[in-house]
Amino acid sequence: MPLRNLKKPVFIGVGMFLVLTALTQFLVYFWYQSARYTEIQRLSNQANAKKERVHITLTNTLSSIRTLAFIVEEHGIPNDFDRIAEKLLKVNPLVDAIELLQGGVITHVYPVNGNEAAIGYNVLSDTIRHRGALIALRRKDFFFAGPVKLKQGGIAVIGRQPIFINGKFWGFAAVLIKLSGFVKATGIDADSNPDFRYQLSRVHPDGYEEFFLPAPAIPNEGDFVTIEVPNTEWKLYVTSLNQNGIYHHALVLCTLGLLFSTVVGIFSWYTAAQPEKLERLVDRRTSQLTMEKELSDSIINSLPGIIYIYDKDRKFFRWNRNFESVSGYTSEEVKDMHPLDFFEGEDKELLRNKIETVFQKGQADVEAYFYTRNKEKIIYYFNGNVAQFDGNTYLIGMGIDISKRVAAEKDIQNLNARLQATIERLQARNNDLQQFSYVVSHNLRNPIARILGLASIFGDDINENKVVVEKIAEATAQLDDTVKDISTIVSARNVTEKYEYISFSDEWKNVRNTLKDEIDQSKAVISVDFSEAPGITSARSYINNMLYNLVSNAIKFRTPGVPAVISVKTKIHKHGICIIVEDNGIGIDLAKNGTKIFGLYKRFGPESIPGKGIGLCLTKNQVESLHGKIEVTSTPGKGSTFTIYLPTA
Amino acid sequence: MKESSLPSHIVLIDDDSVTNMVNKKIIYITFPTIRVTPYADAAIALRDLKHWEATDATQLPDLIFLDINMPHMDGWEFLDEFITLSEAVLQKTKIVMLTSSVDINDIAKSKTYKPVTDFLSKPLNKDNLRTVLQYQSV
């Protein structure tokens with residue numbers, strides 16, 4: 001994989017380079033060829049133009065020698081050769097000299113001045129120079145020879161017209177054109193056109209070319225065009241200065257093409273390498289992500305609770321294995337479920353709100369019953385947090401089974417409630433006992449202190465001593481009574497009697513009999529109603545004593561001058577039954593005395609009413625020993641209502 | 001003990017007539033010169049104190065022996081009234097609680113009343129009478 005990754009971009013880069021190089025080089029080559037072709041075309045055109053000009057120039061000079069030849073053919077050698085020649089030269093200024101040859105020997109020349117050396121020269125006998133003359137002779141028409149070095153000096157082109165008289169070769173009429181003048185006239189000199197260069201050669205029969213114009217004779221490199229000039233042995237060469245330009249251009253283009261290919265090659269390699277690099281990066285990130293996902297998967301799967309993620313549409317996105325194993329739903333089923341499908345009853349609405357809270361405020365938690373596929377409910381603590389990823393909002397939730405904790409909490413709550421009740425009961429008992437011990441100590445110590453005091457003043461006075469002894473006896477009796485009372489109260493706290501069914505109406509009859517005198521005396525009106533709760537299984541003497549004490553108190557503390565109206569009834573209440581005794585007596589100021597009224601030796605109401613303050617205390621102790629309680633409501637001047645609650649087993 | 005340091009007048013407040021009789025006798029046996037006025041009802045004692053306060057402050061007792069558990073007006077009610085009397089009374093008359101109570105709450109409560117200087121358990125005898133009177137005289 002890495003090898004491939006490394007090779008591919010290099011391959012592309014190199015390939016791109018090669019292809020582009022080939023392409024650019026080909027294009028340059030093509031351009032070069034076409035440029036050359038264009039150049040050659042140009043050269044050819046130029047060459048043709050020049051050839052025409054050379055031809056015309058030569059032809060123009062021809063009229064001079066034709067005229068001379070005509071004169072000789074018609075009239076023989078003219079006497080006034082110089083005059084005719086002069087006229088001919090005037091007509092054609094390019095011609096430098098006119099000659100007349102008889103046979104091959106120059107007989108006349110104009111102008112003579114400077115050309116004297118030519119007279120008498122036999123051109124046909126000069127094997128080096130006679131070629132042009134022989135060609136003209138053979139053609140029987142004019143022919144330009146040369147350029148040649150003249151006998152009289154200088155280089156010139158010689159045009160010869162053979163002259164025939166009566167069909168017999170007579171001689172030649174010839175013109176001499178100096179090369180320099182010819183070159184200038186035809187415009188093939190270097191100065192007349194900066195763009196082109198010309199060369200003129202004479203092709204010898206053996207193929208040897210003799211060049212006449214200054215070097216370079218033929219361009220060493222680049223293209224040139226040659227053209228033969230008619231009626232001569234000449235070849236005209238045309239080349240241009242542009243040649244090197246094209247070549248250099250091509251070279252530059254080659255280099256640019258190579259450079260371009262290199263740049264593109266490198267760029268291609270770099271560009272091609274980018275996806276590879278990116279791919280490698282992606283590979284690395286992917287493997288990292290895969291690792292992270294595996295890690296997070298193993299984390300969420302190893303956590304003890306349930307974990308789930310769903311989006312704003314409440315569509316499940318991810319969850320851990322525990323979620324499936326606890327809920328009993330398969331992965332496929334969970335996908336199509338709504339988070340609220342796992343809740344029922346009031347919890348459903350609660351969860352709906354909590355989920356909304358998470359999406360709005362970012363966090364929420366709740367305790368609720370999670371329903372499994374089998375409709376088994378498990379109490380869970382859920383904690384939801386909002387999370388943003390991939391541009392979406394999700395709820396990440398975690399649930400912990402808190403059934404054990406909740407059960408333990410319930411146990412603790414129950415225990416606490418029981419403990420609290422016990423504490424309250426014990427506190428009440430403790431309070432009672434404190435009161436009791438206080439009263440007891442007071443009532444025991446009172447007579448004892450009195451006896452001790454009396455004993456301390458026992459002395460010589462016989463009369464006084466008699467009183468002292470009497471008082472000691474009184475105090476001792478009081479002490480005895482107190483001890484008996486205490487014994488009664490204390491024994492009331494432990495029920496020694498057997499429980500039996502007691503009919504309230506039967507028991508009331510007994511109490512009524514006992515209280516017969518008091519009722520008769522007070523003319524009290526007593527109504528009884530035991531219809532709702534006619535009886536109870538309890539300790540008979542206790543029930544008897546309760547009815548006795550409450551009714552006797554109601555009679556005792558009646559409002560003076562008002563007939564006592566007393567109601568005795570039984571009712572059913574939550575945990576058992578209650579006995580209610582209501583009167584219209586003097587009432588008790590409960591705000592002032594509170595629960596003291598049930599204390600030992602607590603007496604309320606006028607001194608005139610007899611009583612030790614034992615009755616209600618005993619009743620309270622008996623009620624409590626039967627696990628009940630006694631309550632009182634009272635309004636001074638209006639009456640009191642005592643209610644005894646007794647549990648039924 | 002100097003005669004001059006002894007109180008000249010002691011008031012006894014106890015609903016039990018026997019107790020008052022015995023205490024009066026014991027005070028007489030121990031310090032025969034001290035005038036003793038017993039009350040069975042705290043309200044009447046209070047009435048007399050107010051009378052002395054208004055008419056003749058010299059009649060005011062130096063010391064009151066006060067019981068707690070009494071019908072009609074108990075010791076606490078008496079104290080609540082007593083502390084509202086004039087500064088002259090409070091300066092002169094000190095109170096010693098004399099009761100059969102052994103409740104520590106009662107002892108603590110009695111200490112919240114400035115005039116109360118001591119808390120005695122019944123019965124009064126020569127020894128604790130002497131102790132109290134010495135204390136009173138200092």
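1. Lys571(A) pairs with Glu532(A) in a salt bridge, the closest N and O atoms being 3.4 Å apart. The pair links distant parts of the chain, 39 residues apart, since Lys571(A) belongs to strand E18 (residues 565–573) of chain A and Glu532(A) to the loop between strand E16 (525–529) and strand E17 (535–539). Lys571(A) is partly exposed at 32% relative accessible area, and Glu532(A) is likewise partly exposed, at 37%. The model is a predicted one, and these distances should be read with that in mind.

2. A second salt bridge joins Arg318(A) and Asp297(A), with 1.9 Å from N to O. Arg318(A) lies in strand E11 (residues 316–319) and Asp297(A) in helix H5 (residues 242–302) of chain A, so the pair ties together parts that are 21 residues apart in sequence. Arg318(A) is partly exposed, with a relative accessible area of 25%, and a network of salt bridges links Lys293(A), Asp297(A) and Arg318(A).

3. Within helix H1 (residues 2–75) of chain A, Glu39(A) and Arg42(A) are 3 residues apart, about one turn of the helix, and their side chains meet in a salt bridge of 3.1 Å, N to O. Glu39(A) is buried at 3% relative accessible area, whereas Arg42(A) is partly exposed at 27%. Over all chains, the whole structure holds 25 salt bridges.

4. The contact between the chains takes 16 residues from chain A and 21 residues from chain B, and the area buried between them is about 1600 Å², of which carbon and sulfur atoms give 61%. On the chain A side, Tyr438(A), Arg445(A) and Ile457(A) lose the most area to chain B, together 35% of what that side buries.

5. Between chain A and chain B there are 2 salt bridges, including the one between Lys25(B) and Glu464(A), whose closest N and O atoms are 3.1 Å apart. Across this interface, 6 residue pairs are in polar contact. Helix H9 (403–457) and helix H10 (462–492) of chain A each supply at least two residues of the side that touches chain B, and H9(A) gives the most, with 13 residues. The residues of that side divide into 5 nonpolar, 6 polar and 5 charged.

6. Helix H15 (residues 615–625) of chain A has 9 of its 11 residues buried, so it is largely enclosed by the rest of the structure. Its buried residues pack against H9, H10, helix H13 (540–556), strand E20 (629–635) and strand E21 (639–647) of chain A. Just after H15(A), His627(A) takes a positive phi of about 65°.

Notes
Residues are numbered from 1 along each chain as its sequence is written. Chains are lettered from A and ligands numbered from 1 in the order in which they are written. This is a predicted model: local features need pLDDT of at least 70, side-chain atom pairs count only at pLDDT 80 or more; totals for chains, interfaces and linings use all residues. Side-chain values use heavy atoms; hydrogens and water are left out. Contact means heavy atoms within 4.5 Å. Buried area is the accessible area (1.4 Å probe) that two parts lose on being put together, summed over both. A salt bridge is a side-chain nitrogen of Lys or Arg within 4 Å of a carboxyl oxygen of Asp or Glu. A polar contact is a pair of N or O atoms within 3.5 Å; within protein, one must be able to donate a hydrogen and the other to accept it, and residues adjacent in sequence count only if both atoms are side-chain atoms. Helices (H or I, at least four residues) and strands (E, at least two) are DSSP runs, numbered from the N terminus. Ala, Val, Leu, Ile, Met, Phe, Trp, Tyr, Cys and Pro count as nonpolar, Asp, Glu, Lys and Arg as charged, and the others, Gly among them, as polar. Buried means under 20% relative accessible area, exposed over 50%, partly exposed in between (1.4 Å probe, protein chains only).
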